[in-house]
Amino acid sequence: MTMASSNTPIPVDDGFNEYESAVKRQKSTTSKVWDEMTKLECENKNQLKAQCNHCKTIFSAKSSSGTSHLRRHLNSSTQPSPEGVPSIKNYKFDADECRQAISTFLVCGKHSFRTVEEPGFRYMMRIASPNFKNISRQTATRDVLKYYAKERDHVKEELGKAPGLICLTSDNWNSEHTNDEYICVTAHWVDKDWKLQKRIIRFRALFPPYDGLHIADELVLCLSQWGIDKKIFSITLDNASYNDVMVSCLKNRFRANRAILCDGAFFQVRCCAHILNLIVKAGLELADDVVCKIRNGIRYIKKSGVRRKRFYDVADKSFHLNVTKKLRQDVEEWRNVAILCKFLKVFYDVTCVWKVHKLLVDIVKGSYSFLTPMVKQMQEKFNKYWAEYSLILSCAAILDPRYKLNYVQYCFKTIYGVHASDFVETILSNLRLLFDEYVKKSKSMSSSLAGSSNVSDKIPVGSGLDEHDDNSADFGGYFDESDDYKKYLNESSTRSEKSQLDNYLEEPELELNSQIDVLDYWSKSSVRYNELSLLARDLLAIPISTVASESAFSMGKKVITPIKSSLKPKTVQAVVCLDDWMRAKGFSAGNCYSRFIV
């Protein structure tokens, strides 16, 4: 893969053509063995000799003998080079590959494009390869943009080949150095090998106003450009109010294109991390007094070495805080702080959101009265999102062979008691509706394939009598009841046949604590549960948070810095996306660049 060719070439007038032609091609009539052999002068010009540059062995070099024996010697005597490193004997300076390596260096290290103009960098390149010609920062920028355009085509091809639907995460970010508002869109899907994939497909600067309508237009444009506007299953967003407007606009557009499942019941996913953050913040607002006392106490202790030593001495005695009268008065508050820390630790360690719900319910009913006002405030925030959030979480749990429906029933019964069955039935009915849509889609695809291949085999009903075919008519003479009975059994079994979802739910669960790859389970079960495995593949790809998009903002802060604040938005997008795509292909794991490109 070289920088010379591109589907959408960017004009380069910065000495690029002259630089390309600097490497002259050797004549085809000259054998490459002479790069490793030296011709020796002899008294008899008919007796030419050649000496190996490595082992100093002398061979005959008459023109009538050819060079095959010399090539065999070089192949047998030269040690193989490490994987990914070009052999010295076959090495030839490639300007395009060198410049692409520089682009990789700039992108992965978030280096300024001015780096290529620094004396130290140019000195290093001159020592590494005397054939290298210096490039300017403008040329380095154009190289990165061309590199981005090529890799973008590869990612677009990957998205087009995705066997199932694609889930999105999206979030906005404001650069403190340029004050530009950026949107990051990340695509998530399960590939043909049942491996979860993630790619950033947009990191673009927005133009005001930054409202839901304009962001919806930006997303529609993005999906159209990538050719996935009819392959979207869900989108995970934070709890900003403009996202509700944006999702409403997207649903209307997807409904018009018939590109949304279950009328959008599974379309919008609230970011779990943001929900927990809002819940904890709502509770801590009522505990500010205690938190402030703790912070002031820490400041007081840190200001004096004597106080700090005394505090650690007390801590070594398992926090027996009764050494002074002042500490005895604060025992009650310290006890409350210990209870508060234990309560908040559940949010810190949480992996099951339903446990948060259960904890809030238990605390309200419990004996810690000082926590009740705080927990009620947290409950109000939690309930606002739980109704729609629990559907996707519950369906994902049902499709985990260790949990299935029994675990979901247990969780809801723990939370709601006798009213749990109503919630479970709602979830199960939504899952059945979603499964029916996958069954219809599968049947429509199979019927279209069958219709195109078996049209000539179809015989119209009643055509025998219309054509007066006496051989096909039967008026009560010979009658084969066995064939008719088989047909009856087939029709009866079809009418009473259970769905794949029902059969899956009736199977016993796997061991609860067993370590399994759920996607691998569905990959192996795709023969038994064809349509259900397709549903599981798409639903289990839904991200429960926008962390994938927000992690790109950490990368953006390294790209847009005080000394790199003049970068154009399209350059920022190229650098951020390229870095993400390289990481997805394992480049950050230390693989050689040549292996990574292949």
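Trainee: Which residues does arginine 199 touch, not counting residues up to four places away in sequence?

Mentor: This is a predicted model. Arginine 199 has its place in strand S6, residues 196-205. Not counting residues up to four places away in sequence, arginine 199 touches Val155, Glu158, Val185, Thr186, Ala187, Trp189, Asp580, Trp581 and Ala584.

Trainee: Is arginine 199 buried or exposed, and what is its relative accessible area?

Mentor: The side chain of arginine 199 makes a polar contact of 3.2 Å with the side chain of glutamine 197. Buried means under 20% relative accessible area. Arginine 199 therefore counts as buried, with a relative accessible area of 4%.

Trainee: How many helices and strands does the chain have?

Mentor: The chain holds 598 residues, and buried residues make up 40% of them. Its accessible surface comes to about 35600 Å², with 53% belonging to carbon and sulfur atoms. The secondary structure comes to 24 helices and 8 strands.

Trainee: Which residue is joined to arginine 270 by a side-chain polar contact?

Mentor: Arginine 270 lies in strand S8, residues 268-270. At 10% relative accessibility, arginine 270 counts as buried. A polar contact of 3.2 Å joins its side chain to that of aspartate 244.

Trainee: How are helices H3 and H23 oriented to each other?

Mentor: H3 covers residues 95-108 and H23 covers residues 569-584; they pack at an angle of about 100°, with their axes 9 Å apart. Angles of 65 to 115 degrees count as roughly perpendicular. H3 and H23 are therefore roughly perpendicular to each other.

Trainee: Which residues make that contact between H3 and H23, and into which classes do they divide?

Mentor: H3 contributes Thr104, Val107 and Cys108, while H23 contributes Val575, Leu578, Asp579 and Met582. By class, the residues of this contact divide into 5 nonpolar, 1 polar and 1 charged.

Trainee: What is the orientation of H3 and H5, and which classes of residue form their contact?

Mentor: The axes of H3 and helix H5, residues 137-161, come within 9 Å and cross at roughly 90°. H3 and H5 are therefore roughly perpendicular to each other. In this contact, Arg99, Gln100, Ser103, Thr104, Leu106 and Val107 of H3 meet Thr139, Ala140, Asp143, Val144 and Tyr147 of H5. The contact of H3 with H5 has 5 nonpolar, 4 polar and 2 charged residues.

Trainee: Which residues of helix H21 are buried?

Mentor: Helix H21, residues 530-539, is mostly covered, since 8 of its 10 residues are buried. The buried residues are Glu531, Leu532, Ser533, Leu535, Ala536, Arg537, Asp538 and Leu539.

Trainee: Which backbone oxygen does the side chain of serine 170 reach?

Mentor: Serine 170 lies in strand S4, residues 166-174, and counts as buried at 3% relative accessibility. Leaving aside neighbours within four places in sequence, serine 170 is in contact with Ile183, Cys184, Val185, Ile235, Thr236, Leu237, Thr546 and Ser549. At 3.4 Å, the side chain of serine 170 reaches the backbone oxygen of cysteine 184.

Trainee: Is the peptide bond from proline 208 to proline 209 cis or trans?

Mentor: Proline 209 has its place in the loop between S6 and helix H6 (212-226). With omega near 0°, the peptide bond from proline 208 to proline 209 is cis.

Trainee: Is arginine 258 buried or exposed, and what is the relative accessible area of lysine 404?

Mentor: Arginine 258 has a positive phi of about 55° although it is not a glycine, and its place is in the loop between helix H7 (241-256) and S8. Arginine 258 is exposed, with a relative accessible area of 79%. Lysine 404 lies in helix H15, residues 404-416, and has a positive phi near 55°. Lysine 404 is buried, with a relative accessible area of 1%.

Terms used
Residues numbered from 1 in each chain as written. Predicted model: local features only at pLDDT ≥ 70, side-chain atom pairs only at ≥ 80, totals over all residues. Heavy atoms only, no water. Axes fitted to C-alpha atoms, helices over the stretch in contact; angles between N-to-C directions. Helix = DSSP H or I, 4+ residues; strand = E, 2+ residues; numbered from the N terminus. Parallel < 35°, antiparallel > 145°, perpendicular 65-115°, else oblique. Contact = heavy atoms within 4.5 Å. Nonpolar A, V, L, I, M, F, W, Y, C, P; charged D, E, K, R; others polar. Buried < 20%, exposed > 50% of the residue type's maximum accessible area, 1.4 Å probe, protein only. Areas by Shrake-Rupley, 256 points an atom, 1.4 Å probe, with all protein chains shown as cover. Polar contact = N/O pair within 3.5 Å; in protein donor to acceptor, adjacent residues only side chain to side chain.
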